[in-house]
Amino acid sequence: MCRTSIYEARNNFSALVKLAEEGEVVELTRYDKPVAVIMSYADYGENRKAQPSLLDKLAELRKEYADVLDDKGLDITPSRECPDYSKDPWA
């Protein structure tokens, strides 16, 4: 793994991208703290496939807790309807 500051990366960006294309992960730092990574698109695609999306996680949680939510009579179906602001909620 290569580690460089953002300032140096700005001056050597093409070389760092070439390193990433060859499979090297480049860590970018600010004040000696890691803040970003440059990696090849192929490695990025593999990492992205390995992580489930937020919608997948939500669907999994709904399946896991469906019996609990249904027993309490809670509607877990997302609504796409807009609220009716013409009705007075205090009436």
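Strands are taken here as DSSP runs of at least two residues, numbered from the N terminus, and in this predicted model E27 is found in strand 2. With a relative accessibility of 16%, E27 counts as buried, because the cut-off for that class is under 20%. Leaving aside residues up to four places away in sequence, E27 touches M1, C2, R3 and T4, and the contacts of E27 also include P34 and A36.

One of these contacts, that with R3, is also a salt bridge, in which the closest N and O atoms of E27 and R3 are 3.2 Å apart. The pair links distant parts of the chain, since E27 belongs to strand 2 whereas R3 belongs to strand 1 (residues 2-5), and the two are 24 residues apart. By the rule applied, the count of salt bridges comes to one.

The phi angle of Y31 is near 55 degrees, a positive value in a residue other than glycine, and Y31 counts as exposed because its relative accessibility is 76%, with the limit for exposure set at over 50%. D32 lies in the loop between strand 2 and strand 3 as well, and its phi, near 65 degrees, is likewise positive although the residue is not glycine. With a relative accessible area of 67%, D32 is also exposed.

Definitions and conventions. Residues are numbered from 1 along each chain as its sequence is written. This is a predicted model: local features need pLDDT of at least 70, side-chain atom pairs count only at pLDDT 80 or more; totals for chains, interfaces and linings use all residues. Side-chain values use heavy atoms; hydrogens and water are left out. Buried means under 20% relative accessible area, exposed over 50%, partly exposed in between (1.4 Å probe, protein chains only). Helices (H or I, at least four residues) and strands (E, at least two) are DSSP runs, numbered from the N terminus. Contact means heavy atoms within 4.5 Å. A salt bridge is a side-chain nitrogen of Lys or Arg within 4 Å of a carboxyl oxygen of Asp or Glu.
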